[in-house]
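Colleague: Could you walk me through this one? I'd like to start with what your words mean.

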Amino acid sequence: MGGLLFVFLVVIGFAYQQMATARDRQAMPMRGELVSVGDYQLHLVCEGAGSPTVLFESGFGSWSVDWLHLQQELAQETRVCSYDRAGLGWSEGAGRVLTVEAMARNLHTLLANGGESGPYVLVGHSLGGILVRAFYGQYGDEVAGMVLVDSAHENQTQRTAEVVGGEGRESDPLQIVLQICRVVGPVGVIRLLGVPDAFFGGLSYSEEQYEEVMGLANQNGYCEAMQYENELVWMFTQEEQALVDLEDVPLLVLSNVMTAEQVLSVSGVAEVTAEEMADLERSLQVANELSQELAALSTAGEWRPITNTTHYIHLDKPEVVLAGIWDVLEEVTE
């Protein structure tokens, strides 16, 4: 009897997930187009006219919706593109873990097959900061400038461990969570429990952005795509990585700068030991040093610390990111 009940609940959950997914997609028209990059298609959104083209690269688990309003603003003056990596947003899944270099090649193929051409001003957030630098490493002659928005650093795991102690990442609990998500997602459990809302609900999305985020993050392929990206990050941060020399490309690095007290307040932690506070302060200092190190990758690099924000500067303070992009555009068009 118990087995039959379990099967019944699974069937009901699967049907619920399929109907809810169809409803979500019908309610959200796709803004751009699907473009082939080989054996699957990626979602590309380009608008406006002019040169250079601003190209947005999202952070871990995020897609083009993050840049919606910035893209609309910039498109009034120049060409602007954003896209969704494999399995995220509207894009089809790759069905495997991709390397950083493969992601850069995918992006280049996507742009070429979508009829776009450089020069580009690349704007990368978090993991996207690593990806746009990989793009420059392979296609530097097509890059006119770059803006890094609270970018990840290739060696941040090792550098932080050197300061606060330990040997870096020894386990990856997020991967376990994502594996569970892949199993229970297709029967509607993730949707019913409101997991995406718990993750994205605190971010500074507009109502329009939030509806798309909830609709697409609740679909079956999202957990798989997140798992693949997380596995990439896990593998990538296990060894020291060489950073791409950005030569003299105009570069602006925007970094979220917080005090230890601000971090504890945002995270909701009430009390920490003196040792934990010291470790946190050292970690924040390392983060600032790593951001300045990124700015030094170009002889035309600038580090611009941003206060009173979170990791998602482009959502919290879009006007600051917009101003930074304009600064780089003006520099490359002089």
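Modeller: Buried means under 20% relative accessible area, exposed over 50% and partly exposed in between, with a 1.4 Å probe and protein chains only. This is a predicted model, in which local features need pLDDT of at least 70 and side-chain atom pairs count only at pLDDT 80 or more, while totals for chains, interfaces and linings use all residues. Residues are numbered from 1 along each chain as its sequence is written, and side-chain values use heavy atoms, with hydrogens and water left out.

Colleague: Is S91 buried or exposed?

Modeller: S91 counts as buried, because its relative accessibility is 8%.

Colleague: Where is S91 placed?

Modeller: S91 sits in the loop between β4 (80-84) and α3 (100-113), where helices (H or I, at least four residues) and strands (E, at least two) are DSSP runs numbered from the N terminus.

Colleague: And which residues is S91 in contact with?

Modeller: Leaving aside neighbours within four places in sequence, S91 is in contact (heavy atoms within 4.5 Å) with Q41, L42, H43, D84, R85 and A86. For D84, the backbone oxygen lies 2.6 Å from a polar atom of the S91 side chain.

Colleague: Switching to α3, which residues are buried there?

Modeller: In α3, the buried residues are V100, A102, M103, A104, N106, L107, L110 and L111.

Colleague: What span should α3 have?

Modeller: The 14 residues of α3 should span 20 Å at 1.5 Å a residue, which agrees with its end C-alpha atoms being 20 Å apart; the expected span is 1.5 Å times one less than the number of residues.

Colleague: What follows α3?

Modeller: G115 follows α3, and the phi of G115 is positive, near 80°.

Definitions and conventions:
Polar contact = N/O pair within 3.5 Å; in protein donor to acceptor, adjacent residues only side chain to side chain.
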